[in-house]
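Colleague: I would like to go through the helix packing and a pocket here. Can we start with the terms?

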Amino acid sequence: MRAITISEPGGPEVLVWSEVPDPAPGDGEVLVEVAASAVNRADLLQRQGFYNPPPGASPYPGLECSGRIVAVGTGVSGWAVGEEVCALLSGGGYAERVAVPAGQLLPVPKGVDLVEAAALPEVVCTVWANVFMLAHLRPGETLLVHGGSSGIGTMAIQLGKAIGAMVAVTAGSAEKLEACRALGADALINYREQDFVEAVGPNGADVILDVIGAKYLDRNLDALAVNGRLVVIGMQGGVTAELNLGKLMAKRAAIVATSLRARPLDEKAAIVAAVREHVWPLLENGRVLPVVDRVFPLADAAEAHRLMESSTHIGKILLQV
C-alpha cells in the first residue's frame, strides 16, 4: 500500500508519498481501507520531530480516518467486513489502510458523507472528553473556547450549544468570528482587538477550553468564574508559565492539562463509547455537523500542512485517498 512517510524532521516538504508494507489486524483490531483522514496540529508536531507516536503505534501521521472495514482480527465482535466506519487513531491515518483497535471505531453517522466523517473522531472525542467528561459543563454555564474557528473550536461551539451552555469564542479575524456566530456562538472576541477577560465579563467563564497554553495561563485564571475549570489541551503559546496560586485558590478553581493520543486503550474506548451514546444522535438529527474547510488528495499532504500552518482555515482540513 501507499502512505505518507516522514523522510526526516522538517517542513511540509519532508512528507513523502511512499510504498510501505501492508498492515495486518492484530487481536482485537480491524483493518480499515481508508477513504479519508484529517490534519491535526499533532501531525505538524510529529513531522517536525517533536511528537513521536506512542510505542506500538503506526509511524505514519494521522490521528483519525474514515473508511470501510476490509478485515476483522481475532477477538472482535460487533463489526463486520464492508461496514463504513470512522476511527480514532494513535497514528497511521495518512495511508491507504490502517489497523484500528475495535474500541476506537465508530459507525459513520446517518446523513454524514463518508469522506466528511473523517473530520469527526479526533475533535469529537477531544471535546467530549475534556469539556463534558472532565470539566462537566452544565446547561446555563458559560464555555470560553480559544481558537473558536479551529476543528476543535467549531465542534466545541456546537456541543456547548446543544447542551444549553452560553458559548464565547476567541478568533483572529471577522471572517472566523462570523463562522463561529453561524455555528451558534453567543460572544465573539477578536483577540487582536479585544481583551478576552474583559469581553467575557465580571462573572467569568465556568469552563475554558484552551489550546494556547503558557501564554494564556494567567489571563485564563482572570477569566475563570468562581469554581471554574480550565482545561489545557494545546501548547501553541509555549509550555512554561508562572502560576499564581492565590488567584487559583481565591476562585476555588481547577486546572487540568490532558492529551488523547497516548491514553491506554481502555480509556480511549470509554471516550469513544460515550461519544457514540451522547454525540452521535446529535449528528444524526442534524443538530451538530462536521465543519470542513478543504479536502486535499492524500498525496498532497504537504499542501494541507501548509494551509494549517497559515492558520487561515475554518474547521477541518481533510485528506482523501
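Predicted model: local features only at pLDDT ≥ 70, side-chain atom pairs only at ≥ 80, totals over all residues.

Colleague: Which hand does the crossing of helix 1 and helix 10 have?
Modeller: Helix 1 covers residues 41-48 and helix 10 covers residues 301-310. Where helix 1 passes helix 10, the crossing is left-handed.

Colleague: How is helix 1 oriented to helix 10, and why?
Modeller: The axes of helix 1 and helix 10 are 10 Å apart, and the packing angle is about 110°. Angles of 65 to 115 degrees count as roughly perpendicular. Therefore helix 1 is, relative to helix 10, roughly perpendicular.

Colleague: How many charged residues are in the contact of helix 1 with helix 10?
Modeller: Helix 1 brings Arg41, Asp43, Leu44, Arg47 and Gln48. Helix 10 brings His305, Met308 and Glu309. By class, two residues of this contact are nonpolar and two are polar, and the charged ones number four.

Colleague: What is the orientation of helix 2 and helix 8?
Modeller: Helix 2 spans residues 121-134. Helix 2 packs on helix 8 with axes 9 Å apart, at an angle of about 90°. The two helices are therefore roughly perpendicular.

Colleague: How many nonpolar residues does the contact of helix 2 with helix 8 have?
Modeller: From helix 2 come Val124, Cys125, Trp128, Ala129 and Met133. They meet Ala270, Ile271, Val272, Ala274, Val275 and His278 in helix 8. The contact has no charged residues and one polar residue; the nonpolar count is 10.

Colleague: How does helix 2 lie to helix 3?
Modeller: Helix 3 is residues 151-162. The axes of helix 2 and helix 3 are 9 Å apart, with an angle of about 55°. That makes helix 2, relative to helix 3, oblique.

Colleague: And which hand is the crossing of helix 2 and helix 3?
Modeller: Residues of helix 2 in this contact include Val123, Val124, Trp128 and Phe132. Those of helix 3 include Ile152, Met155 and Leu159. The contact has nine nonpolar, three polar and no charged residues. The crossing is right-handed.

Colleague: Which element gives the most to the lining of the second largest pocket?
Modeller: This pocket has a volume of about 430 Å³. Strand 6 (97-101) and helix 8 (265-278) each supply at least two lining residues. The element that gives the most, with five residues, is strand 6.

Colleague: How many nonpolar residues are in the lining of the second largest pocket?
Modeller: The lining has 29 residues, and those closest to the pocket centre are Gly56, Ala57, Ser58, Ser90 and Ala99. Six lining residues are polar and six are charged, while the nonpolar ones number 17.

Definitions and conventions
Residues numbered from 1 in each chain as written. Heavy atoms only, no water. Axes fitted to C-alpha atoms, helices over the stretch in contact; angles between N-to-C directions. Helix = DSSP H or I, 4+ residues; strand = E, 2+ residues; numbered from the N terminus. Parallel < 35°, antiparallel > 145°, perpendicular 65-115°, else oblique. Left-handed = near helix turned anticlockwise from the far one by under 90°. Contact = heavy atoms within 4.5 Å. Nonpolar A, V, L, I, M, F, W, Y, C, P; charged D, E, K, R; others polar. 1 Å grid on protein atoms, 1.4 Å probe; cavity = no way out; pocket = protein on both sides within 12 Å on 5 of 7 lines; lining within 4 Å. Points joined across faces, edges and corners; volume = space filled by probe spheres on them.
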